[in-house]
Amino acid sequence: AVISDAHVGMKSDGRDALFSFECNEDIFKKHLQVLFSSMKNKIDNHGTFEQIFVDGLGDGLDGFNAETTRGGHHLPQNMDNKSAWEAYVFGKLNTYVNIVNLNAAEKYVFRNVTNCNHSGDFGWTANMAIKMTIEKMFDNVEYILLDKPIEHFFYGEHCFMLTHGKVS
């Protein structure tokens, strides 16, 4: 499964951006519920798996202090830093715990790109909090923070590349 560009805290009316887009705590929870329901449906239809991977491709949080984490680029926000961080961390953590509690795999691997243009180090701290918590809760969970602009992994004979596309 893949999560990308949630931008928790963003409120763009489309005047200064290509698209009108908003992501607050309720919207983020709805998106995570869609992810969970889709995964549960696949498990119900196909049974258990050797491994389940969930990849976050960055920009889970929209920014810090209403700017990209690189600074200098103002972002319209609907949440303050603390509210956005809390919504992101608790939303993802609860969803991941629910996925693991389905007991549908021998191992769960959650990876998250942290070299992204909106979340940057703010997103890294949020994902580190999730990692520290979930790896203490479950022996069969690995949570990997991807710091490079492009990272890869092998599964069987296949190589997969993960990137956000824009680097901080």
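Among contacts in the protein chain between residues at least 6 apart in sequence, what percentage join residues at least 24 apart? In this predicted model, the proportion is 73%. Taken along the principal axes, the C-alpha atoms fill a box of roughly 45 × 30 × 30 Å. Of the 168 residues, 43% count as buried, and the accessible surface amounts to about 9,500 Å², with 53% of that area belonging to carbon and sulfur atoms.

In soluble globular proteins, nonpolar side chains tend to be buried together. The largest nonpolar core of the present model contains 36 residues, of which Val-8, Tyr-96, Tyr-108, Phe-110 and Ile-134 touch the most other members. Two or more residues of this core are given by each of α1 (25-46), β4, α2, β5 (105-113), α3 (120-137) and β6 (141-146), and the largest share, 9 residues, comes from α2. A second, separate core consists of 5 residues, including Leu-57, Val-113, Leu-146 and Leu-162. When residues up to four places away in sequence are not counted, Tyr-108 touches Ile-52, Ile-99, Val-100, Asn-103, Asn-140, Val-141 and Glu-142.

Asn-112, found in strand β5, counts as buried because its relative accessibility is 4%, which falls under the 20% cut-off. Leaving aside neighbours within four places in sequence, Asn-112 is in contact with Gly-56, Gly-58, Tyr-88, Lys-92, Asn-127, Tyr-143, Ile-144, Leu-145 and Leu-146. For one of these partners, Lys-92, the side chain makes a polar contact of 2.7 Å with the side chain of Asn-112. For another, Gly-58, which is 54 residues apart from Asn-112 along the chain, the separation of the C-alpha atoms is 6.6 Å. Asn-81, which lies in helix α2 (residues 81-100), likewise counts as buried, at 18% relative accessibility. With residues up to four places away in sequence again not counted, Asn-81 touches Gly-63, Phe-64, Asn-65 and Phe-122.

A positive value near 55° is found for His-7, a residue placed in the loop between β1 (2-3) and β2 (11-13). Asp-59, in the loop between β4 (49-56) and α2, also has a phi near 55°. Both positions are in loops, and both count as buried, with relative accessible areas of 9% for His-7 and 2% for Asp-59.

Towards the end of the pattern, strands β7 (residues 150-155) and β8 (residues 158-163) run antiparallel and are joined by 6 bridges. Within this pairing, His-152 stands opposite Met-161 in β8. The two strands form a hairpin with 2 residues between them, and in the turn Gly-156 has a positive phi of about 65°.

Key: Residues are numbered from 1 along each chain as its sequence is written. This is a predicted model: local features need pLDDT of at least 70, side-chain atom pairs count only at pLDDT 80 or more; totals for chains, interfaces and linings use all residues. Side-chain values use heavy atoms; hydrogens and water are left out. Helices (H or I, at least four residues) and strands (E, at least two) are DSSP runs, numbered from the N terminus. Buried means under 20% relative accessible area, exposed over 50%, partly exposed in between (1.4 Å probe, protein chains only). Contact means heavy atoms within 4.5 Å. A nonpolar core is a set of buried Ala, Val, Leu, Ile, Met, Phe, Trp, Tyr and Cys residues joined through side-chain atoms within 4.5 Å. Two strands pair if DSSP finds at least two bridges between them. A polar contact is a pair of N or O atoms within 3.5 Å; within protein, one must be able to donate a hydrogen and the other to accept it, and residues adjacent in sequence count only if both atoms are side-chain atoms. Accessible areas come from the Shrake-Rupley method with a 1.4 Å probe; for residues, only the protein chains shown count as cover.
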